[in-house]
Amino acid sequence: MRLTILGCSGSIPGPNTAASGYLVESEGFVLGVDLGNGTLAQLQALRDPFDVDALVLSHLHPDHCADMSALTVLRRYHPDPPFDPRRHRLPVHAPAEAPTRLANAFAADDAERDVTDLSDVYEFHPLLTGSRTIGPFEVSAFPMDHPTEAFGLRVSCGGRTLAYTGDTGPCAALDELSAGVDLLLAEASWTDGPERPAGVHLSGTQAGELARRAAAHRLVLTHVAPWTDAAAVLAEARAAFGDAAELAVQGRVYDV
């Protein structure tokens with residue numbers, strides 16, 4: 001499998017850095033994971049967005065799905081697409097409210113909202129706890145601890161596995177999600193401290209401790225907010241896990 005970082009800024013886009021978005025590829029199949037603010041621009045810099053065969057949204061906060069509106073414009077109005085997007089709708093695996101929430105984000109006013117339906121270009125599938133097959137991948141979704149319905153994703157293919165926490169505070173499901181993975185893509189939005197609210201995000205220390213418990217081979221820290229000291233987050237993670245921890249970098253590619 002190959003993982004590409006489209007964006008890795010937490011909560012909002014950062015300077016010259018998009019919010020959360022990733023590509024996972026194997027056997028010629030391209031799986032998009034999240035599509036936050038600015039990620040469609042990064043995707044176009046790397047390849048044709050029509051190359052994406054399916055998309056999974058971990059949750060519906062804008063920094064993980066805002067560019068779905070722009071992708072809708074591209075799929076509806078591109079003058080020369082490589083195929084008819086209405087005959088070959090993009091499968092979107094997302095929390096159950098995604099069709100409504102994404103239509104609301106796309107519509108400009110109440111009148112348009114009343115008639116907006118994105119199912120002309122998307123084939124929505126409710127993301128539920130458990131496993132499903134998407135292309136060559138087995139994708140398992142685990143409920144996370146976040147203010148809205150949110151999932152961590154475990155993606156396996158060809159004997160290799162990566163786990164993506166999405167957004168979450170510490171919770172028991174993280175250990176099952178991450179156990180023995182080749183690469184753990186873990187959010188680490190802030191440094192550790194007692195003042196941090198529960199049930200929102202992980203610190204560098206918590207991400208490193210998770211990777212250590214899971215016996216993960218590699219830890220890649222993502223979703224570091226622009227106002228957070230990324231070097232401090234990385235230092236925390238390495239103190240708990242070791243030098244196999246690194247910060248995600250936009251555009252970087254990892255062979256899993």
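Start by selecting Glu27: with a relative accessible area of 69%, Glu27 is exposed, because anything over 50% counts that way. Keep in mind as you click around that this is a predicted model. Glu27 sits in the loop between strand 2 (21–26) and strand 3 (29–35). Now check its backbone: Glu27 isn't a glycine, yet its phi is positive, about 55°. Why point that out? Because most residues other than glycine have a negative phi.

There's another residue like this to look up. Select Ala215, in the loop between helix 7 (204–214) and strand 12 (219–222). Ala215 isn't a glycine either, and its phi is a positive value near 55°.

**Zoom out**

Show the whole chain as a cartoon. Along the principal axes, the C-alpha atoms fill a box of roughly 50 × 40 × 35 Å.

The chain exposes about 10600 Å², and carbon and sulfur atoms supply 50% of that. As for what's tucked away, 55% of the 256 residues count as buried. Take the contacts between residues at least 6 apart in sequence: 61% of them join residues at least 24 apart.

**Into strand 2**

Select Val24, which lies in strand 2. Is Val24 buried or exposed? It counts as buried, at 2% relative accessibility, because the cut-off is under 20%. Show what's around Val24: leaving aside neighbours within four places in sequence, its contacts include Met1, Leu3, Phe29, Val33, Phe137, Val155 and Leu162. Val24 and Phe137 are 113 residues apart in sequence, but their C-alpha atoms are 9.4 Å apart in space.

**The cavities**

Rolling a probe the size of a water molecule over the atoms shows where empty space is left. How many cavities of 30 Å³ or more are there? The count is two.

The largest cavity holds about 80 Å³ of space. Of its 13 lining residues, select the ones closest to the centre: Leu35, Leu43, Val52, Leu55 and Leu71. Strand 3 gives the most to this lining, with four residues. By class, the lining of the largest cavity has eleven nonpolar residues, one polar and one charged.

For the second largest cavity, the volume is about 50 Å³. Your Val24 is part of its lining, along with Leu3, Tyr22, Val33, Leu153, Val155, Leu162, Tyr164 and Leu185. Strand 2, strand 9 (151–157) and strand 10 (160–164) each give two or more residues to this lining. Colour the lining of the second largest cavity by class and you get nine nonpolar, no polar and no charged residues.

**A helix stop**

Go to Leu102, in helix 4 (residues 98–106). Leu102 is buried, with a relative accessible area of 5%. Which residues does Leu102 touch, leaving aside neighbours within four places in sequence? They are Leu57, Cys65, Met68, Leu118 and Phe124.

Finish at the largest pocket, with about 190 Å³ of space. It is lined by 15 residues, and those closest to its centre are Cys8, Ser9, Thr17, Val224 and Ala230. The lining of the largest pocket divides into nine nonpolar, six polar and no charged residues.

Definitions and conventions. Residues numbered from 1 in each chain as written. Predicted model: local features only at pLDDT ≥ 70, side-chain atom pairs only at ≥ 80, totals over all residues. Heavy atoms only, no water. 1 Å grid on protein atoms, 1.4 Å probe; cavity = no way out; pocket = protein on both sides within 12 Å on 5 of 7 lines; lining within 4 Å. Points joined across faces, edges and corners; volume = space filled by probe spheres on them. Nonpolar A, V, L, I, M, F, W, Y, C, P; charged D, E, K, R; others polar. Buried < 20%, exposed > 50% of the residue type's maximum accessible area, 1.4 Å probe, protein only. Contact = heavy atoms within 4.5 Å. Areas by Shrake-Rupley, 256 points an atom, 1.4 Å probe, with all protein chains shown as cover.
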